[in-house]
Amino acid sequence: MDSLALFFTGALLAGGIYWFVCVLGPAEQKGKRAVDLSGGSISAENVQDNYDKYWSFFRRPKEIETAEKVPDFVDTFYNLVTDIYEWGWGQSFHFSPSIPGKSHGEATRLHEEMAVDLINVKPGDRILDVGCGVGGPMRAIAAHSRAKVVGITINDYQVNRARTHNKKAGLDSLCEVVQGNFLEMPFPENSFDGAYSIEATCHAPKLEEVYAEIFRVLKPGSLYVSYEWVTTDKYKDSDPEHVEVIQGIERGDALPGLRNYTDIAETARKVGFEVVKEKDLAKPPSQPWWTRLKMGRIAYWRNHIVVTVLSALGIAPKGTVDVHEMLFKTADYLTRGGDSGIFTPMHMILCRKPEKKTETATNS
């Protein structure tokens, strides 16, 4: 009996571990399994060193204010977090307002489709995804609009992930992914019929630089929409708690510095855009975008146990636990920013490149 009990106990334990890691483990999009977590383009033995390198940027704040340093800073961050994002969140690395009666996946898709609807593209048009990640929004937008979407990301690992997902989704004929810096894009002038960025240009050291590049590659008369991470009119830099929350978001999301909502339209006009519309999509009647973060606390602890066990067994790279813990702390800062109303990740601005370049754009 003792041997039989031991056998069944072992079988139950093995089955539980399999269910915990392989069934619960994959992201809702089934894009990445817990046992496949990696450091992106960073070799497994160097993940911990690169995590330490990432944090060293914040000990030299002047370096992350320069265009020369930011690409390396952001690339390191996305090597560290891409697999964890896919596993624990999905293939769309952004937020969306909660919609009663809709799943998180459905709400995310509708938020993405709204972006392409705003820029009025037609099937066959060539549009640009500025900061495409692993291509979740790109695929939703291509399927919805039948436009040809070209995405650019600084991270080579994300390029490979996006191409794999595009092919699996049967959308590789509509979706192209390019590795590059969106401050110096490898595209000719006047080559896109429209453009969008979803929570991506916040990584630029100067918003003017990325907006100027987008303006350059758009055809005259074309539209560009962006969902921007900003502080709102409720943010007070004299309030220590507000400052703590915003700095926590910056450090946990590879941001050179969050901008205020008043900076966005001003910057767009400065590079030559006409501002068509501007709105914080997080404001009522929209439902809270941070609800998913609150609901995910139990999942975080489950995932953290998985990551800790896999790291101890040598399956996940050393340093993965630290990265996962960093993201959990950041989720708390994001939730506090949303609850207090001092931060929004979806300040929407819709711009048009004039049919003829303005004097401001020519002289900028």
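Predicted model: local features only at pLDDT ≥ 70, side-chain atom pairs only at ≥ 80, totals over all residues.
Figure 1. Arg109 is partly exposed, with a relative accessible area of 35%, whereas Glu113 counts as buried at 12% relative accessibility, because buried means under 20% relative accessible area. The two side chains meet in a salt bridge of 3.1 Å, taken from N to O.

**Figure 2. Close-up of the salt bridge between Glu274 and Arg352.** Here the side chains of Glu274 and Arg352 meet at 4.0 Å, N to O. Glu274 lies in strand β7 (residues 274–280) and Arg352 in strand β8 (residues 343–352), so this pair ties together parts that are 78 residues apart in sequence. Glu274 is partly exposed at 37% relative accessibility, and Arg352 is partly exposed at 32%.

**Figure 3. Close-up of the salt bridge between Asp339 and Lys294.** The side chains of Asp339 and Lys294 meet at 3.2 Å, N to O. Because Asp339 lies in helix α12 (residues 320–340) and Lys294 in helix α10 (residues 291–295), the pair ties together parts that are 45 residues apart in sequence. Asp339 is partly exposed, with a relative accessible area of 45%, and Lys294 is partly exposed at 40%.

**Figure 4. Close-up of Ile249 in the largest nonpolar core.** This core has 43 residues, and those with the most contacts inside it are Ile249, Trp229, Trp289 and Phe343. Leaving aside residues up to four places away in sequence, Ile249 touches Trp229, Leu255, Leu258, Thr330, Tyr333, Leu334 and Phe343.

Definitions and conventions. Residues numbered from 1 in each chain as written. Heavy atoms only, no water. Core = buried A, V, L, I, M, F, W, Y, C linked by side-chain atoms within 4.5 Å. Buried < 20%, exposed > 50% of the residue type's maximum accessible area, 1.4 Å probe, protein only. Contact = heavy atoms within 4.5 Å. Helix = DSSP H or I, 4+ residues; strand = E, 2+ residues; numbered from the N terminus.
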